[in-house]
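I opened the model to look up a few side chains and their surroundings. These are my notes, in the order I made them.

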Amino acid sequence: TLSSINPMGAANIGAGACMALRRHLVNDLRLFNIELGVGTAARSGEESYAFYRLICLGYRIDYDPDIVVRHVHRDNVGAVKSTLRDYSVGTFVFILHCFLRHGETHAFIAGMKWFRWHHLRQLFAGLRRRKNAQPLDLTFAEIGGCFYAPLAYLRSRLNDRDEYPPVDRSVEQEAGVS
């Protein structure tokens, strides 16, 4: 079953800003035809889910530190705040998706631990005005994203239901994945 790994381990692989995948895997498994992508209410998380699915099916993911990618960073506080909120929405939508679709209790537990370890730690550091604390408005944006995630997931699922027909599970069944 898919519960053989912790989905959060797949999320830690990294972002999908620069990755190469076999075309047949993307097409056969429809790795990116899901409701977790940029442009949906979920805002992000599709690459984490793709990594998760690939690992569960026994594929290897390699990292090459010699590859360099130019990435445009946000140049104002409003854009950073929006990005942090969106990443938080995407992370928790990914967790929710793994929990609801695959019964991954690991994901739910890891998400709660992440919330406590990362978000609450940032919040308390900001409230105590620690020297290296993240500004509170950025922390509140991230925390807000966590709480918006269930609604975002529902909206994304409802909006994309007609656009993406059901996935052909024969590829997963051949690999012994439910």
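**Entry 1: a serine and its contacts**

I looked at S88 and found a polar atom of its side chain 3.5 Å from the backbone nitrogen of C146. I note the rule for a polar contact: a pair of N or O atoms within 3.5 Å, where within protein one must be able to donate a hydrogen and the other to accept it, and residues adjacent in sequence count only if both atoms are side-chain atoms.

This is a predicted model, in which local features need pLDDT of at least 70 and side-chain atom pairs count only at pLDDT 80 or more, while totals for chains, interfaces and linings use all residues. Residues are numbered from 1 along each chain as its sequence is written, and side-chain values use heavy atoms, with hydrogens and water left out.

S88 lies in helix α4; helices are DSSP runs of H or I with at least four residues, numbered from the N terminus. I wrote down S88 as buried, because its relative accessible area is 4% and buried means under 20%, exposed over 50% and partly exposed in between, with a 1.4 Å probe and protein chains only. Apart from neighbours within four places in sequence, S88 is in contact (heavy atoms within 4.5 Å) with H119, E142, G145 and C146.

**Entry 2: the core**

Which residues have the most contacts inside the largest nonpolar core? They are Y49, Y52, F92, V93, F94, C98 and A152, in a core of 22 residues. Such a core is a set of buried Ala, Val, Leu, Ile, Met, Phe, Trp, Tyr and Cys residues joined through side-chain atoms within 4.5 Å. Two or more residues come from each of α3 (46-56), α4, α5 (105-127) and α6 (136-160). The most come from α4, which gives seven. I also found a second, separate core of six residues, including L25, L29, L31 and L57.

I then checked F94, which is in α4 (residues 77-102). F94 is buried, because its relative accessible area is 2%. Between F94 and Y52 I count 42 residues in sequence and 10.0 Å in space, C-alpha to C-alpha.

F92 touches G111, M112, W114, F115, H119, C146 and A149, leaving out residues up to four places away in sequence.

M112 is in helix α5. Is M112 buried or partly exposed? M112 counts as partly exposed, because its relative accessibility is 41%.

R129 sits in the loop between α5 and α6. R129 is exposed, with a relative accessible area of 74%. Its phi is positive, about 55 degrees, although R129 is not a glycine. Most residues other than glycine have a negative phi.
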